[in-house]
Each structure stands twice: as C-alpha cells, then as structure tokens.
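Open the model in your viewer and keep the selection tool at hand. We will go stop by stop.

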Amino acid sequence: MQHLSSRRAGSPALWAAFASVLGCSAVSSVDYVPCSSSADCRNAFGLGYVCGGEELCEKTEALERCEGVYPVDLLKEPDKYRDAIVLGSLFDHTKTTGDTILVNSATLAVMEANMSELGDRSFAIVHCDYQENPQLDDLTAEEAAIAGAKYLVDVLGTPAIVGPGTSGLAEAVYKELAKPEHAERTLIVSPSATSPSLTDIDADRPGLFWRTAPPDSVLGAKLAKYMEDEVIANAVVVYEGNTYGKGLAIELQKSFKNVELDEYQDPSEIPLKVVEIANANATPDNFAIVFIASDVDQVTSFLNAAGSDDFYASPEVKIFFGDAAFNVDVITQTQSKAAAIYGNVRGVFPGEPTQREVYKFFRTTYDATFPEKAMDASYASHTYDATWLAIYGAAWAYFQNDGEVVGKAMAEGLTKISAGETYDIVSTTWNGIKTAFKAKRSINVSGASGELDYDPATEETTAPVIRWTIVEDGAGGWEFKTVQEEM
C-alpha cells in the first residue's frame with residue numbers, strides 16, 4: 001500500500017511567503033481567471049489555487065510543514081484530485097514511534113474510505129506538523145499549529161481537521177478558525193485533547209469541536225479511585241501549567257482531597273521538582289507523586305530524574321501518571337535510568353478496551369499496512385476513530401447538503417451517530433453507513449477506542465479507563481501491562 005510522502009525542511013522565508021499567500025499577494029496568476037473566493041479557484045484548477053488580492057486565481061506553494069499527504073501525489077497533481085474531499089490533520093511529527101503511528105492511523109481511515117467512494121468523490125488527507133524545532137524554523141508549537149490550520153482551511157479548503165493532540169493547541173486552533181476572516185467554519189475532531197474547559201468552547205449545537213476521548217472529568221475521578229485503592233494517604237500533584245495540566249489536576253483534586261498542587265511553567269523545572277519533593281518528604285508513608293504533563297518528553301524527564309534518587313525507589317512511594325505517559329516511547333527513553341523504579345509506577349488511560357473485536361480489527365489492519373505497531377502509541381485508535389468520524393460527517397453532508405461538504409453540515413452528521421442500528425468503525429461497514437445517511441437514518445457507532453456514545457447536550461463521550469503498570473516482558477525488556485479496566 002501507499003505510504004505518506006513528506007519532506008523535512010523550513011525557513012523564515014517560507015513563512016514570510018506563506019503569510020503573503022494568506023494576505024492575498026500574487027504568487028502566479030492563472031491566465032487572469034477572475035474569482036470571488038478561493039473555492040472558485042479550487043473548483044477550476046484544483047488544490048493549491050487561491051483567489052488573490054486582484055480577484056484573480058493564483059497558484060500557491062505547498063507549506064513545507066504540511067507535505068505529508070495521502071494520496072502521495074495529492075499536491076503534485078492537483079487537477080487529478082479536484083473533486084476530492086480533503087481532510088487535514090495537526091500533530092507533532094517529532095521523530096518518535098508514537099507520533100508516526102497517529103499520523104498513519106488517520107491515513108489508514110482515509111485509505112479504507114477510498115475503497116468505496118462517496119458518490120463521485122474520494123477522500124484525501126494533508127498532515128501538518130506543529131513540532132517546536134529550531135532546525136525547522138523559529139515557530140512555537142502554537143504558532144505552527146495555527147499556521148498549519150490556516151493553510152489547511154484558507155488555501156486547501158479543508159472542511160475538517162483531525163487534531164490537534166493537546167488541549168491548549170486545540171483551543172488555540174479553534175479560536176483562530178472561529179474568526180470571521182476564515183470563510184467557512186471548520187469541524188475539529190481531536191483524538192486526545194481532554195481538558196474539561198473544551199466542553200463549552202462552542203456554545204452552538206451542533207458544535208464544531210468534537211473529540212473521541214472523554215474529558216478529564218472522567219479521567220480525574222478514575223485516577224483518584226486508583227490512588228484510593230492503593231491506600232495512598234497524601235499526594236503531591238506536579239502539573240504542567242497549561243490548559244490540560246491545570247484541568248486534570250483540578251479534576252483529581254475534586255475526587256482526592258488530600259493533595260498538594262505544584263505547578264510548573266517550563267519543562268526545565270522538572271528535575272528540580274523531583275529533588276524538592278524528595279527533600280520535603282524524607283520519611284514517606286503511603287505517599288504518591290502524581291505527574292501530569294502533555295507530552296512524552298516531559299514524562300521521560302521526570303522519570304529519568306526520579307530514577308537517580310533513592311527516595312523514589314521506596315515501597316512507600318508510588319508515582320502516578322496521566323494519559324500522556326501511556327506511550328512506548330516513555331519506556332524506550334527511560335529504561336536505562338529509571339527501570340529500578342518501574343515497580344512504583346502507575347497510570348491511567350481512557351479506553352483502549354483491547355479485547356474488543358473492533359479494536360483487534362483496527363490493530364490487525366494497521367499492523368499489516370505500516371511497519372510500526374498500533375499498540376505502541378497511545379491514542380492510535382482514538383485517531384483512527386476521529387478520522388472516520390470526519391468521514392461520516394462528510395457523508396451526512398454530502399447526502400443532505402446537495403453534495404456540498406462543509407464543516408457545519410459535517411457536525412450535524414456527528415449528532416446522528418449515537419442512536420440507531422449499531423455499526424462498528426471498520427472498513428466493512430462504510431457502505432452500510434452511507435446507505436443509512438442517504439436515507440436520513442441515525443446510527444450508533446462502536447469505535448476501536450470505545451463505544452463513542454455522545455451526550456446530545458454536551459456532545460461529549462465516555463470511555464472505560466485502563467489502569468496500567470510497567471513490567472518485564474520476559475525478553476530482557478519492559479512493557480505496559482493493563483491491570484484493570486473500569487466501565
């Protein structure tokens with residue numbers, strides 16, 4: 001099967017050029033064809049054409065942070081895909097196994113949807129990278145996510161975006177795309193932005209922000225119950241001072257009262273926090289440290305620092321993590337320094353009920369298509385489901401909106417997936433779902449990440465919560481072990 005085409009490069013000049021594109025400066029006119037919107041130009045010439053400041057169609061350059069595409073010739077032969085429904089994704093493409101798997105999971109859903117087209121239209125996806133990397137450019141992650149979102153929506157006309165992966169970036173992207181200068185409202189389906197503050201980010205119904213993971217109000221309560229079952233007497237919660245970190249810390253505090261909250265702003269503070277906690281609790285008694293951060297690098301920084309301090313090896317000390325730590329990269333990046341304290345490590349994660357047949361179908365298909373293993377990334381199945389939800393929304397819009405696929409109509413389609421005949425989110429049910437939507441019938445979907453039963457008032461879903469530990473794998477290494485799943 002085909003894989004993504006991508007190229008890693010970047011420069012300040014690129015972003016200056018991109019800014020000029022969005023400011024409608026001419027790049028190269030196409031026979032002086034007049035236009036009133038960029039949609040006119042895309043309909044006439046294909047992807048990458050916009051309506052310029054002189055109301056003439058112009059060809060733009062591809063944004064180098066958004067060159068991971070499927071099909072691989074999508075941006076090279078735009079006329080070939082003039083009728084394609086182009087989805088976008090926003091993820092951190094840092095060169096780790098987990099991030100690659102999320103991008104591929106989204107691609108897999110698009111590949112499967114194209115086995116049976118939506119009427120006369122196929123699907124495509126453009127993956128944009130918001131990693132903060134001075135070797136690429138000087139953009140922060142938020143600036144890169146917003147730049148990618150603007151390119152997807154304003155240049156490519158993307159009606160839906162899968163991602164971003166973090167709550168803070170999801171909020172920033174949503175607020176940017178809600179501005180009136182973006183002609184069409186865009187559906188956002190995040191697989192892993194879990195902050196409770198996002199529940200009410202869109203007051204309209206149907207809203208344009210959806211997610212396949214439950215909010216942290218669920219995860220916080222389950223984490224507190226895990227701590228109670230471990231007979232924890234008191235705890236310190238060290239959390240990243242952003243939308244996600246604050247949200248989960250507050251939710252945990254609601255259910256586990258005897259905690260001290262300790263916020264940090266800069267990841268460079270993490271090793272010092274490790275030392276401070278050990279010094280302040282020299283004689284621990286059923287004591288826990290809860291570490292909440294939004295990315296793997298911060299989790300590994302904490303574990304590697306703790307691994308060199310005897311305090312964290314005490315049987316009286318337990319270390320609990322939020323969902324970001326359930327990632328194979330945490331093990332590979334810490335086992336040389338922190339393996340001695342793995343026995344004290346605990347964590348929670350929303351979903352993956354891996355014994356369910358629909359998850360097994362996703363995992364088997366993924367593993368047969370890509371070199372990585374789906375099990376090695378947290379939120380892989382949530383990303384796959386999120387992409388399929390965008391596709392389902394497109395199907396509803398296509399049939400009920402005279403073939404026009406726009407974000408608001410897609411969001412309406414997502415209000416039709418939690419009541420009716422049940423369909424697993426797998427490739428083999430795609431034709432049945434199209435038939436149901438063409439007949440204006442609601443359905444109930446069961447995803448690889450869970451049941452995805454959305455509350456019509458909040459448009460939020462629920463999920464089981466996995467408890468995990470890290471154990472020896474019998475071959476000289478380490479692996480995650482699920483110790484309990486709660487509904």
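**Stop one: a covered strand**

Select strand β14. Both of its faces are covered: Val345, Gly347 and Phe349 on one side, Arg346, Val348 and Pro350 on the other, all buried. Buried means under 20% relative accessible area, with a 1.4 Å probe and protein chains only. Strands (E, at least two residues) and helices (H or I, at least four) are DSSP runs, numbered from the N terminus. Six of the six residues of β14 (residues 345-350) are buried, so the strand is largely enclosed by the rest of the structure.

This is a predicted model: local features need pLDDT of at least 70, side-chain atom pairs count only at pLDDT 80 or more, and totals for chains, interfaces and linings use all residues. Residues are numbered from 1 along each chain as its sequence is written, and side-chain values use heavy atoms, without hydrogens and water.

**Stop two: its neighbours**

Three bridges join β13 to β14, and the two run parallel. Strands pair if DSSP finds at least two bridges between them. Ile319 has Val345 of β14 as its bridge partner. Look for Gly347 opposite Trp468 in β17.

**Stop three: rings**

How many aromatic pairs does the structure hold? There are 26 aromatic pairs. Rings of Phe, Tyr and Trp (its six-membered ring) pair if their centres lie within 6.5 Å; planes under 30 degrees apart are stacked, over 60 edge-to-face, the rest tilted. Select Tyr264 and Phe291: their centres are 5.9 Å apart and their planes at 5°, so the pair is stacked. Both Tyr264 and Phe291 are buried. Finish with Trp396 and Phe437: centres 5.2 Å apart, planes at 90°, so this pair is edge-to-face.

Methods. Buried < 20%, exposed > 50% of the residue type's maximum accessible area, 1.4 Å probe, protein only.
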